[in-house]
Amino acid sequence: MFAKALTNMESHASEGQKQTSLYVKIAGFRWVNTAIVITIITPFTSTLMAGKDHLLNGVYAIFFAEIVTTNAVQLLDPMGHINRHFLAPRAKTQEGMNLKFSGALYELAERYTNMTKLLFLALWYCSIYPMSLFLCAAATFINFFSDRFSLMRTWKPAPKLGNRISRMSRKYFSPTAVIAMAVISSYSWTGFPYDNLCETNETVNDSSYYGRHNITAADNSTFAIVTVGPRDETYRYCLQDLIRMPNVIAFPALPVWQPEGDEWMTSDQEHLTSVYGWTSLGIICLVLLLIILSTLVRARNLFRGTYDPTGRDMEVNFSDVPSISSYIPEVHSAMFTYPLLAADIDDIGEELFEWEDSDRPYAYYDLREMPRTCFAEQQSLKMPVRQCFLGHVTGHPNLPHRLLKTVKAKQRRLLEAPFSVLLSLDLCNLARLSSVVLYLHSPE
């Protein structure tokens, strides 16, 4: 909701740009909340421990929710059933009943971020939890069929957006996920065995430690029971987390960052982490180089033509294609079944529209009719235009009570505003109030 609120405050030339901006925000929030924050707040020694309060169990819970809970709620569609079977039969108008059958609104940006979130989460933890790759595959497989069912059955049709979001994801977010996998995997391998203990090469020589001991947690609950004998090795505390290493930025993750005298890695581990560390640095440089080259190519294309025709002339007139359509500016509103038309449609053929209302003509959805109606009433009733304009709002039978109170509360201020400001309410924010204002002159 916060990402959508920020996006609605921005100005975008097209719906595709708006969805791309929303995709960037939601993806960032979800990546941070599902992977990065969990890594930060989880104690280092809880990384590989079993139990519901530890890291791996939390990662599994996220995948389980994406596989089972989210898809179950989406397929059951409880609000859709309530709208269709309970609220729709009790609607006061045909328009209101039709709206209850229109389906749930979905955002393409939100669906894309759901997929990239699963991929990012799997890549982030794949080094210490390889099962995440299989869980990610299962989640995306089930989400595909779940989304396909919702597209065909329960979701409201979305605007045609093109491939802007997919290109953004392919060029920037996918390489970023690969970088994150390489970097975090290199640090993950350096942290084994995740116990912050180093060998002292000594045995227990104090008899006071012999016997059974209860290890308690902060809440005084028994965490483990251990037995200490005379031949047991002793250990000392040593920080094994290179990310939280004090007074040094340990990047790339290499064995050389181990504090002197507190080395905990085995020889094989040091060799593996060296390969991982330098590879992660190489991947970062490679991805950054590709992004820079792509940016330079785009900048060059601003100063030279890049059009390259493809295909051949099929000798079929555009007007002869049954599925032809044209771009017509529209204002989508939650108050009406079909979008409102924000253009002069007098000379536009009906075959160019992508939708058709079987009960009303396209002129019924023309936004220009509201000012015309107000001017006609103003001439016949000698009513001020502003008062006529607001009178259509406050007197409409389908106006929600909460919105009616809002309109009346602002009526005094609106009466003093220029009429052009009133008309701009609808075309600026596309808010509920504006969608109602320019359409409430309908015959019903």
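I will call a residue buried when its relative accessible area is under 20%, exposed when it is over 50%, and partly exposed in between, with a 1.4 Å probe and protein chains only. This is a predicted model, where local features need pLDDT of at least 70, side-chain atom pairs count only at pLDDT 80 or more, and totals for chains, interfaces and linings use all residues. Residues are numbered from 1 along each chain as its sequence is written, and side-chain values use heavy atoms, with hydrogens and water left out.

Cysteines first. C238 is buried, at 1% relative accessibility, and C198 is buried as well, at 2%. These two form a disulfide with their sulfur atoms 1.8 Å apart; the cut-off for a disulfide is a pair of cysteine sulfur atoms within 2.5 Å. The structure holds 1 disulfide. What does the pair tie together? C198 is in strand 1 (residues 197–203) and C238 is in the loop between strand 4 (233–237) and helix 9, so the bond links parts 40 residues apart in sequence. Helices here are DSSP runs of H or I with at least four residues, and strands are runs of E with at least two, numbered from the N terminus. The S-S torsion of C198 and C238 is about 90 degrees, so this disulfide is right-handed.

Two further cysteines: C126 counts as buried at 15% relative accessibility, while C285 is partly exposed at 47%.

Now to leucine. L289 sits in helix 9, which covers residues 267–301. With a relative accessible area of 46%, L289 is partly exposed.
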